[in-house]
There are 2 protein chains.
Amino acid sequence: MAKRIITISREFGSGGRFIGEEVAKQFGIAYYSENIIDQIAQQSGLSPEYIEENAELSPKRGFFAYAFSGRDITGKSVDDMLYEAQRKVILEIAEKEPCVLIGRNADFILKDREDVLNVFIYGDMPEKIKRICKLYDVTEDGAVKLIKDTDKRRRTNYNFYTEQKWGMAKNYTLSLNSSQLGYARCKKMIMDCVDICI
Amino acid sequence: MAKRIITISREFGSGGRFIGEEVAKQFGIAYYSENIIDQIAQQSGLSPEYIEENAELSPKRGFFAYAFSGRDITGKSVDDMLYEAQRKVILEIAEKEPCVLIGRNADFILKDREDVLNVFIYGDMPEKIKRICKLYDVTEDGAVKLIKDTDKRRRTNYNFYTEQKWGMAKNYTLSLNSSQLGYARCKKMIMDCVDICI
């Protein structure tokens with residue numbers, strides 16, 4: 001089936017964003033990660049800083065606290081409105097052009113399209129720690145905390161808005177362990193899946 | 001990392017067994033699926049018929065009923081003994097020769113080895129129904145029931161014995177949707193991951 005959009009969901013520190021960027025470069029197609037924030041700001045009226053901190057990441061306090069707090073009389077929270085703005089932007093982008101989309105539950109948001117390849121990239125803890133220590137200049141303990149916190153917030157956000165379980169293979173067309181397969185092989189495998197399409 | 005053993009976990013009807021058999025043929029290595037049953041029978045003293053019906057499949061009654069019933073004073077059930085026999089056979093096979101192993105929680109049983117590529121194959125319901133209708137000569141409703149029942153029993157068995165969640169991407173090195181990628185592409189992708197090894 002012809003694919004023109006690639007979504008990359010990823011564990012923090014797995015190199016998923018980097019792999020997605022490489023795939024976009026190689027195909028010569030658009031790449032959306034943090035550069036989507038200004039469009040969401042325009043759509044929602046919220047500040048780019050607020051979006052960066054909250055659009056993909058739910059508060060650390062966990063699923064139930066998140067699900068039941070901060071809602072107005074209509075049952076909508078600021079984060080719900082932000083999510084709706086993000087959803088609209090992702091739907092518009094997918095309509096407009098072939099692209100790679102990093103994170104932001106794009107796999108679920110675009111589930112009614114047939115031209116989307118959904119990829120999940122994850123890794124083993126020692127390799128993820130090494131990567132985060134280097135990228136963020138933190139200690140090993142700091143890296144572990146950052147990895148656990150970020151993935152917990154991503155998981156909470158995904159599970160709340162999609163009613164699917166983050167990291168279940170079935171959500172994605174393919175899932176790759178980048179620590180075991182290597183970044184170059186992951187990139188090649190993703191590209192091999194869409195050679196028929198863009 | 002050099003790999004010499006490939007485990008294939010799979011949803012019923014996803015073609016995982018077929019893909020695994022093709023990979024084994026192409027590499028010219030041993031292939032273990034139902035043909036492992038005689039070895040488990042020898043190890044456990046149980047009949048091949050009992051093993052076929054119970055070794056990979058827990059009863060339909062669900063996780064908790066399964067976990068807490070049919071146990072003797074030591075807390076062990078017949079199924080626990082069967083599982084232990086199966087585990088020993090799988091460990092011996094992995095020690096002996098390069099191979100493809102289908103199902104039987106082999107990914108978890110061999111988790112301490114570094115030369116194992118763990119694959120999960122799953123699919124979309126319409127394609128799985130078509131395959132099961134054809135293979136088992138059943139109606140569509142019959143195929144749906146067979147798929148749901150078999151995967152429920154596999155899931156219960158896996159979750160009970162591995163303390164992991166069946167179908168979570170993290171359990172495997174790669175996970176592939178065979179309905180979207182096609183069997184031939186799945187076979188090629190698996191082989192591309194072990195070109196350095198057997």
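**Exercise 1. Find the residue of β5(B) that stands opposite Ser175(A).**

Solution. Ser175(A) stands opposite Ser175(B). Strands here are DSSP runs of E with at least two residues, numbered from the N terminus. β5(A) and β5(B), each residues 174-177, pair in the antiparallel sense over 3 bridges. Pairing requires at least two DSSP bridges between two strands. Next, take Leu176(A): its bridge partner in β5(B) is Leu174(B).

This is a predicted model, where local features need pLDDT of at least 70, side-chain atom pairs count only at pLDDT 80 or more, and totals for chains, interfaces and linings use all residues. Residues are numbered from 1 along each chain as its sequence is written, while chains are lettered from A and ligands numbered from 1 in the order in which they are written.

**Exercise 2. Which way do the residues of β5(A) point, and are they buried or exposed?**

Solution. Leu174(A) and Leu176(A) point one way. Ser175(A) and Asn177(A) point the other way. All are buried, with 20 or more other C-beta atoms within 10 Å of their own, C-beta atoms being placed from the backbone. Now look within chain A: β4(A), residues 116-122, runs parallel to β5(A), joined by 4 bridges. There, Tyr122(A) stands opposite Asn177(A).

**Exercise 3. How many residues of chain A are in contact with chain B?**

Solution. 17 residues of chain A are in contact with 17 residues of chain B. Contact means C-beta atoms, placed from the backbone, within 7 Å. β5(A) gives the most to this side of chain A, with 4 residues. The copies meet through the same surface, because 100% of the interface residues of chain A are also interface residues in chain B.

How values were computed: Buried ≥ 20, exposed ≤ 12 C-beta atoms within 10 Å, placed from the backbone. Contact = placed C-beta atoms within 7 Å.
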